[in-house]
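Reader: Please take a close look at one part of this model. I want the charged contacts, with cut-offs.

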Amino acid sequence: MIKMSGKTGDLFALLIGIDCYLPNRLPGGYYYSNLGGCVRDVDNVHHDLLQRRLHISEDHVIKLTSTASAKGEPTESRDLWTTYVNMVAAFKKIADMAEPGDQVYIHYAGHGGRTATIDRLHKGEYGIDEALVPMDIGNSEARYLRDIELAKLLNDMAKKRLIVTAVLDSCHSGGMVRGLNAESSNVAVRGLSIVDTTPRPAESLVAP
């Protein structure tokens, strides 16, 4: 439950919903398919929860979405696309906007994935990073938003004394599930069972 009171400061929100994934092909012929309902989910959170119930100020909301279309590209302008660069920038911007004591609500709906770690020092040579999957991951120069990066972004918010609630509606997100019987309920799996070994840039926009 998100509460609004003078004691807990203002409310800010970062919403990320990904239905459209650009064409991609991973080792073994696997790929991240388009999803249905992720953009709708964050739109509903935006309008029904944040606007109608909590009366959030619109200048306190950052929303990145990629809506599937017949053209194969999102209908949104590119500055709102759910790329690694845009997502990292959005996390940093929402943290900069909020002041100590403010509340920050983060909601991600999209694919989750696993990839070879970039932090072999702590995870070992064959370690795995769990990650949020940007819409343009089919580009070998694209990067996942990895668990170690997400932890750093959230830790920076905590150090600023922000009150953070994070919802990750994806696979590989800490053991959360999407239903008791996904096969019979037409639920799309928001991730893959394989580890992506595609060579990708090791440089992070979050921290060295």
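Predicted model: local features only at pLDDT ≥ 70, side-chain atom pairs only at ≥ 80, totals over all residues.

Author: Residues are numbered from 1 along each chain as its sequence is written, and side-chain values use heavy atoms, with hydrogens and water left out.

The structure holds 9 salt bridges. A salt bridge here is a side-chain nitrogen of Lys or Arg within 4 Å of a carboxyl oxygen of Asp or Glu.

Start with K123 and D147. Their closest N and O atoms are 3.0 Å apart. This pair links distant parts of the chain: K123 sits in helix α3 (residues 120-123) and D147 in helix α4, 24 residues apart. Helices are DSSP runs of H or I, at least four residues, numbered from the N terminus. K123 is partly exposed, at 29% relative accessible area. D147 is partly exposed too, at 25%. The classes are buried under 20% relative accessible area, exposed over 50%, and partly exposed in between (1.4 Å probe, protein chains only).

Next, K152 and D156. Their closest N and O atoms are 2.8 Å apart. Both lie in helix α4, 4 residues apart, so about one helical turn separates them. K152 is partly exposed at 31%, and D156 at 32%.

Salt bridges that share partners also build a network: K123, D129, R146 and D147 are joined in one.

Last, D196 and R200. This salt bridge has its closest N and O atoms 3.0 Å apart. Here both residues are buried.

Note on methods
Helix = DSSP H or I, 4+ residues; strand = E, 2+ residues; numbered from the N terminus.
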